[in-house]
Amino acid sequence: MLETGQMDRDNVEMVNIDMLVPEDHLLRKIDTAIDFTKIYEFVKDLYSEDTGRPSIDPVVLFKIVLIQHIYGIPSLRRTLENIRMNLAYRWFLGYGIAETISHFSTVSYNFKHRFNSGTIEYIFRWILKEAAEAGYLDTKAAFVDGTHIKANANLKKQIRKEVPKEARRYAGILMKEVNADREEHGKKPFDDDNHGELSEETKTVSESTTDPDSGVFHKGEHKKCFAYEAHTACDQHNFVLDVVVTPGNIHDSIAFAPLYNELTAHYPQLKTIIADAAYKTPLDLQENL
């Protein structure tokens, strides 16, 4: 017997948004595992107590960005569009079915002008601390790799620019050895203002006029483009321990220095770093590990 589809679009029903989100949904598990109210403690000094318009809940702002990264949504604009239509997202933010969702530019403005890198770093470390206390982290070894991220910049809109060559992590050690040798031979050691023949070298690079922080990336069969590279260190359970983002034209061996410094500062118990050959430097790290 043929039965036509129902078109009950105008029915008024009494529902609770909590009833519409599956019990095993990932966002339910995250909401149970993490006490997001801790964020209020981290950001309270960034808000005025008695002046200005009422703000968007800072926990909501951070949850919006969390949704974007968990589900791989390419932009904040698209993220807010999805939140308007997705009941699980609304539930996670604490919004009702008919409640108005903020404009994406408001979210972007807060992360650009209110929350600084220190705020983001503090929350990142807090989540890792919670995971460590729960026994999930294993920081005896770290696995490092880089991922290129295409910048939203036209390759044709660029200028040529002279920039200093990047100093490697072992440059300071090398200078100490050079100065020690010069002193042994009765010569004046180099100082910070006069390096003699070791003076800083420059190179010519292409700089985007749209996104000057990015760099030209071209490798193998990849199409030449402006990009960034995220150098990520994880433990064996896939927890991200640290991330350093560089322009796409910075070699992995250069990017390794700040990543190594952060890892050893936060995880002095670290014994082993596993990375591909691109991160290799002349500096022998064994005495530091």
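**Salt bridges and helix packing**

Modeller: Lys-38 and Glu-41 are both part of helix H2 (residues 38-43), where they stand three residues apart, about one turn of the helix. The model is a predicted one.

Biologist: What makes the contact between the side chains of Lys-38 and Glu-41 a salt bridge?

Modeller: The N to O distance is 3.5 Å, and the criterion is a side-chain nitrogen of Lys or Arg within 4 Å of a carboxyl oxygen of Asp or Glu, so the pair qualifies.

Biologist: Why is Lys-38 called partly exposed?

Modeller: Its relative accessible area is 28%; buried means under 20% and exposed over 50%, so Lys-38 falls in between.

Biologist: Which residue does Glu-262 pair with in a salt bridge?

Modeller: Glu-262 pairs with Arg-125, their closest N and O atoms being 4.0 Å apart. This pair links distant parts of the chain, with Glu-262 in helix H9 (residues 252-266) and Arg-125 in helix H7 (residues 117-133), 137 residues apart.

Biologist: How do you know whether Arg-125 is buried or exposed?

Modeller: Arg-125 has 15% relative accessibility, and the limit for buried is under 20%, so Arg-125 counts as buried. Salt bridges with shared partners join Arg-125, Glu-121, Asp-242 and Glu-262 into one network.

Biologist: Why are H3 and H6 described as roughly perpendicular?

Modeller: Helix H3 (residues 58-70) and H6 pack at an angle of about 105°, their axes 11 Å apart. Angles of 65 to 115 degrees count as roughly perpendicular, and H3 and H6 therefore receive that description. In this packing, Leu-61, Phe-62, Ile-64 and Val-65 of H3 meet Val-107, Asn-110 and Phe-111 of H6.

Note on methods
Residues numbered from 1 in each chain as written. Predicted model: local features only at pLDDT ≥ 70, side-chain atom pairs only at ≥ 80, totals over all residues. Heavy atoms only, no water. Axes fitted to C-alpha atoms, helices over the stretch in contact; angles between N-to-C directions. Helix = DSSP H or I, 4+ residues; strand = E, 2+ residues; numbered from the N terminus. Parallel < 35°, antiparallel > 145°, perpendicular 65-115°, else oblique. Contact = heavy atoms within 4.5 Å. Buried < 20%, exposed > 50% of the residue type's maximum accessible area, 1.4 Å probe, protein only.
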